[in-house]
Amino acid sequence: MTLLTFIIPVRHQDNARDWGLLKANLVQTVASISNQTSIDWRGMIVANEGADLPQLPERFEIERVTFPPNDMHERSNADVEDFRDSFRLDKGRRVLKGMLAARDSRFFMIVDDDDFVSSRLVRFVSDNRDANGWIIDRGYIWDHGGKLLLGNDDFNHLCGTSLIVNAGLYGLPERFEDASGEWIKSMLGSHHRINEILAERGTPLAKLPFRGAVYRVAHGGSHSGTPSLLSRYFLSWGALKRPRRMLRNLSKLRLVDGSARREFFGKVA
C-alpha cells in the first residue's frame, strides 16, 4: 500500500489556452512533488489520450482517459453555477479515474497542474497515518516567475491544492460507472464541499500545522484568472481602502530564497 498518492488532473488538450505553457508548469509541479523527504508516495497524472505530456520522473504514472473537452471550460455567457458545475464534473471524473487506478493508497491529495507542495508533506502524513486528513489553510501565493511569496491564512478557500484525505473517507465505488455525477462534483470536483461533508459525518479534517502549498497566479494558462499579488493585495481599490490589512500582507511577504526553493519548488525552479 502506498501512503500518499498525488492526483494531478490535466484538462483536455482542446481546453488549454497554451499547451506548451501547461506542460512547462506541469514539469515544475512534478519537480515539486518529487522533492518529498520521504519516499512512500506516488504521482498519478490523469490526461486524455493523445495529450503530449513531458517526460516524467520515477514514481509517476499516467492514467489515460477519453473524456471529451469541457464545452464550458471558459465561462463566456454561461450561468455561473452551470459553469462551476461543468468544471467540477470534468475535474472530478478525472480525479476519480486516477483514484481508482491508485486505490491501494492510504491517502490522496489532489494537486492542480500548476501548483507546488511542501517537501515535508509525506513525512508528516507518515507520522500521522491514522488521521482523517488535513486542510491546508495556510499556504503561499506566488506570481508566475516572481521573486516573492505571500503567506495566506485562508488558503483552502483560494486554491484547490489544499486537502489531504484518508482514502477510506471518500467511499470510492468499485467501478467508475457506479459513481453519480452529483457525488463526483461534491466529493472530487470541489475542494469546498468535501470538507463540510466530512465534518457533518463526524470525520473532520485537521489543519495542517505548517504552510503546505503554493498557489501559482498571474500566468496565461490559469483557469481561475486570479490577478497578480501586486494588483490584488496591494494596488486594488479594496486593498487601498484597508491599510491595516495591507500592512499585514506586507508582513507576510517572503523572498523565494534557497530555503523556499528547496521546500516548494524542487530542482527545476
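Predicted model: local features only at pLDDT ≥ 70, side-chain atom pairs only at ≥ 80, totals over all residues.
Residues are numbered from 1 along each chain as its sequence is written, and side-chain values use heavy atoms, with hydrogens and water left out.

**Around Ser190**

I placed Ser190 in the loop between helix 4 (181–188) and helix 5 (193–200), where helices (H or I, at least four residues) and strands (E, at least two) are DSSP runs numbered from the N terminus. Leaving aside neighbours within four places in sequence, I found Ser190 in contact with Arg88 and Lys185, contact being heavy atoms within 4.5 Å. A polar atom of the Ser190 side chain lies 3.2 Å from the backbone nitrogen of His192, and the backbone nitrogen of Arg193 also lies 3.2 Å from a polar atom of that side chain.

I then traced an open sheet of seven strands in the order 3-2-1-4-9-6-10, with mixed pairing, where two strands pair if DSSP finds at least two bridges between them. Its edge strands, each pairing on one side only, are strand 3 (60–65) and strand 10 (206–207). Strand 6 (residues 133–135) and strand 9 (residues 163–166) run antiparallel and are joined by three bridges, and Gly133 stands opposite Val165 in strand 9.

I also found an open sheet of five strands, ordered 5-11-7-8-12 with mixed pairing, whose edge strands are strand 5 (116–117) and strand 12 (253–255).

**The rings**

My search of the whole structure gave 11 aromatic pairs, counting rings of Phe, Tyr and Trp (its six-membered ring) whose centres lie within 6.5 Å, with planes under 30 degrees apart called stacked, over 60 edge-to-face and the rest tilted. Trp41 and Phe60 have ring centres 5.5 Å apart and planes at 70°, so I recorded the pair as edge-to-face. Trp41 sits in strand 2 (residues 41–48) and Phe60 in strand 3, 19 residues apart. Trp41 is buried, with a relative accessible area of 5%, and Phe60 counts as buried at 11% relative accessibility.

Lastly, I noted that ring pairs link Phe107, Phe124, Trp134 and Phe210 into a cluster.

Methods: Polar contact = N/O pair within 3.5 Å; in protein donor to acceptor, adjacent residues only side chain to side chain. Buried < 20%, exposed > 50% of the residue type's maximum accessible area, 1.4 Å probe, protein only.
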